[in-house]
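Please read the following points with the model open beside you, and look up each residue as it is named. The points move from single residues to the chain as a whole.

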Amino acid sequence: MKRMMILATAAFLMGSTAFAAEAIEGNWKTASGETAVIAPCGSAFCVTLKTGKHAGKQIGKMSGTGNSYSGEITDPANDKTYSGTGTVSGASLSMKGCVLKILCKSQTWSRL
């Protein structure tokens with residue numbers, strides 16, 4: 001009986017981890033209309049394009065928790081990498097990439 005209770009508790013805890021996903025995880029429609037997936041990779045979250053000319057290419061790696069993330073973002077068209085941030089608000093992800101923290105560009109992605 002005690003063993004069955006331990007197994008039931010373990011199964012419940014394992015099942016509940018699916019609900020503990022970070023806000024940034026999932027499929028996103030980029031500003032250019034492509035689809036990107038953001039998923040855990042090591043201790044960070046990798047941003048990989050799923051559709052378009054650069055499908056399969058990892059274009060970013062972000063760390064953080066809750067609604068605020070930071071890391072690096074690569075422009076797939078020219079392979080330039082920028083320091084970046086991401087902020088999740090509902091079904092929107094505001095992405096910002098900067099050079100020297102003063103020259104920045106922003107995009108808003110939508111959750112699919």
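1. Thr 30 sits in the loop between strand E1 (26-29) and strand E2 (35-41), where helices (H or I, at least four residues) and strands (E, at least two) are DSSP runs that are numbered from the N terminus. Thr 30 is buried, with a relative accessible area of 7%; buried means under 20% relative accessible area, exposed means over 50%, and partly exposed is what lies in between, with a 1.4 Å probe and protein chains only. When its neighbours within four places in sequence are left aside, Thr 30 is in contact with Ala 36, Leu 49 and Trp 109, a contact being heavy atoms within 4.5 Å.

2. Residues are numbered from 1 along each chain as its sequence is written, and side-chain values use heavy atoms, with hydrogens and water left out.

3. The confidence of the prediction deserves attention, pLDDT being the predictor's confidence in each residue, from 0 to 100. The protein averages a pLDDT of 84, and 82% of the residues score at least 70.

4. Val 47 is buried, with a relative accessible area of 0%. The C-alpha atoms of Val 47 and Ala 36 are separated by 6.6 Å, and these two residues are 11 residues apart along the chain.

5. The structure holds one salt bridge, meaning a side-chain nitrogen of Lys or Arg within 4 Å of a carboxyl oxygen of Asp or Glu. Lys 57 forms this salt bridge with Asp 79, and their closest N and O atoms are 2.3 Å apart. Lys 57 lies in the loop between strand E3 (44-49) and strand E4 (58-65), and Asp 79 in the loop between E5 and E6, so the pair ties together parts that are 22 residues apart in sequence. Lys 57 is partly exposed, with a relative accessible area of 25%.

6. Cys 98 and Cys 104 form a disulfide with their sulfur atoms 2.0 Å apart, and their link is right-handed, with 110 degrees about the S-S bond. Cys 46 is buried at a relative accessible area of 10%, and Cys 98 is buried at 11%, whereas Cys 104 is partly exposed at 34%. With bonded cysteines counted along the chain, the disulfides follow the pattern 1-2, 3-4.

7. On the surface, Val 99, Leu 100, Ile 102 and Leu 103 form a nonpolar patch with about 450 Å² of accessible area together. Patches are made of residues with over 30% relative accessible area and no salt bridge, where like charges are joined within 9 Å and nonpolar side chains (Val, Leu, Ile, Met, Phe, Trp, Tyr) within 5 Å. Val 99 belongs to strand E7 (residues 92-99) and is partly exposed, with a relative accessible area of 34%.

8. For the protein as a whole, there are one helix and eight strands, and from the N terminus on the elements run α-β-β-β-β-β-β-β-β. Buried residues make up 24% of the 112 residues. The accessible surface comes to about 7,400 Å², of which 60% belongs to carbon and sulfur atoms; such areas come from the Shrake-Rupley method with a 1.4 Å probe, and for residues only the protein chains shown count as cover.

Definitions and conventions
This is a predicted model: local features need pLDDT of at least 70, side-chain atom pairs count only at pLDDT 80 or more; totals for chains, interfaces and linings use all residues. A disulfide is a pair of cysteine sulfur atoms within 2.5 Å.
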